[in-house]
Amino acid sequence: MPVVIKRIIFFAVLLLIWHSIYLLGIWPESMIPSPFTVTKTIYAGFADMTLVYDIIASFRHLFIGLATSLVIGTLLGVLLAKVRTADETLGTMILALQSVPSIVWVPLAIIWFGFTEASIIFVVIIGGIFVMTMNMRIGIKNVAPIYLKAARTMGSTGMDLFYKVVIPAAIPHAVTGARLAWAFSWRALMAGEMLSTGPGLGYTLSYASDFNNMSLVIGIIVIIGVIGSVVDQLVFQRIEKKVLKRWGMEEAA
């Protein structure tokens with residue numbers, strides 16, 4: 001059975017279970033609204049452009065923060081891989097900070113930047129920068145020695161060796177790092193926006209929760225999940241697979 005059919009059946013069953021729970025009346029509609037109510041709420045949000053503006057604002061925050069985290073993370077990864085002292089000092093701190101949840105940085109961002117877009121972008125940057133750094137570091141450190149020896153026998157040294165051998169060999173890890181950075185930054189974005197003054201999906205989610213609008217809360221959760229899944233599978237996952245096949249790290253289908 002094709003994967004698409006399996007997924008359609010799976011989500012159809014989930015919707016059926018959800019609607020059955022609603023019909024049984026185990027919880028009030030203010031807690032568990034029906035799938036049809038949630039669908040109508042999402043449609044209304046797109047019809048009056050509210051959700052459209054929120055999505056645009058969220059992606060603006062994401063693109064700025066993610067692009068910044070990828071650039072800084074790549075540079076830090078190269079530094080840790082090539083400078084032993086930096087790896088033994090700064091690398092230890094980055095490894096520790098990587099385990100800190102993104103939402104922990106929100107109060108600090110608010111104190112530093114106030115309730116502004118800068119605080120949201122800061123949290124997004126923090127969300128993606130550490131995982132990109134560590135993946136880039138691993139990619140450069142794990143370059144096969146045979147590649148380096150072969151390049152040196154052909155006269156490649158210094159920066160020429162780095163740009164023509166090390167960087168290309170580290171690309172698979174860099175792509176994986178970018179994919180993980182996207183996922184971490186997307187989560188960090190929602191955490192940052194929930195404590196902001198808007199606009200953005202996270203802000204609207206928090207606003208709906210404050211006014212007990214459960215259909216909008218669930219609707220935005222669905223939108224966040226769909227966007228995350230679509231971008232990951234249609235963009236980053238495809239790029240990662242192509243790179244892995246190109247570098248001979250995964251068999252071609």
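**Close-up A. The buried residue D232 and its salt bridge with R179.** D232 counts as buried because its relative accessible area is 16%, where buried means under 20%, exposed means over 50% and partly exposed covers the range in between, computed with a 1.4 Å probe and with protein chains only. The model is predicted, so to be read with its thresholds in mind: local features need pLDDT of at least 70, side-chain atom pairs count only at pLDDT 80 or more, and totals for chains, interfaces and linings use all residues. Residues are numbered from 1 along each chain as its sequence is written, and side-chain values use heavy atoms, with hydrogens and water left out. The side chain of D232 meets that of R179 in a salt bridge with an N to O distance of 2.9 Å. This pair joins distant parts of the chain, since D232 belongs to helix α10 (residues 214–246) and R179 to helix α8 (residues 158–194), 53 residues apart. A salt bridge is here a side-chain nitrogen of Lys or Arg within 4 Å of a carboxyl oxygen of Asp or Glu, while helices (H or I, at least four residues) and strands (E, at least two) are DSSP runs numbered from the N terminus.

**Close-up B. The salt-bridge network of D87, R137 and K141.** The whole structure contains five salt bridges, and D87, R137 and K141 are linked in a network of such pairs. Between R137 and D87 the N to O distance is 2.7 Å. Because R137 sits in helix α6 (residues 117–141) and D87 in helix α4 (residues 84–98), this pair ties together parts that are 50 residues apart in sequence. Both R137 and D87 are buried, and for D87 the relative accessible area is 15%. D87 also meets the side chain of K141 in a salt bridge, at 3.9 Å from N to O. With D87 in helix α4 and K141 in helix α6, this second pair therefore ties together parts 54 residues apart in sequence. K141 is classed as partly exposed because its relative accessibility is 42%.

**Close-up C. S119 and its neighbours.** S119 is a residue of helix α6, and it is buried because its relative accessible area is 6%. Leaving aside residues up to four places away in sequence, S119 touches A109, I110, F113 and G114, where contact means heavy atoms within 4.5 Å.

**Close-up D. A nonpolar surface patch that includes V13.** The residues M1, V4, I5, I8, I9, F10, F11, V13, L14 and I17 make a nonpolar surface patch of about 970 Å². Patches are made of residues with over 30% relative accessible area and no salt bridge, with like charges joined within 9 Å and nonpolar side chains (Val, Leu, Ile, Met, Phe, Trp, Tyr) joined within 5 Å. V13 is found in helix α1 (residues 3–24), and it is partly exposed because its relative accessible area is 41%. Accessible areas come from the Shrake-Rupley method with a 1.4 Å probe, and for residues the protein chains shown are the only cover counted.

**Close-up E. Two annotated spans, residues 59–81 and 161–184.** An unreviewed UniProt entry places the feature "transmembrane region" at residues 7–27, 59–81, 93–114, 120–140, 161–184 and 214–236; the positions are given in the numbering used here, feature names are shortened, and annotations may be inferred rather than shown by experiment. Residues 59–81 are 100% helix and 0% strand, with their end C-alpha atoms 32 Å apart. Residues 161–184 are likewise 100% helix and 0% strand, and their end C-alpha atoms lie 32 Å apart. The unreviewed UniProt annotation "domain: ABC transmembrane type-1" covers residues 55–235, and over this stretch the chain is 86% helix and 0% strand, with end C-alpha atoms 18 Å apart.

**Close-up F. The contact between domain 1 and domain 2.** The domain assignment gives domain 1 (1–32) and domain 2 (33–246), with bounds that come from an automatic or database assignment. The C-alpha centres of the two domains lie 30 Å apart. Nine residues from domain 1 and ten residues from domain 2 take part in the contact. As context for this view, the protein has ten helices and zero strands, and buried residues make up 40% of its 253 residues. Among contacts with a separation of 6 or more, 67% are between residues 24 or more positions apart.
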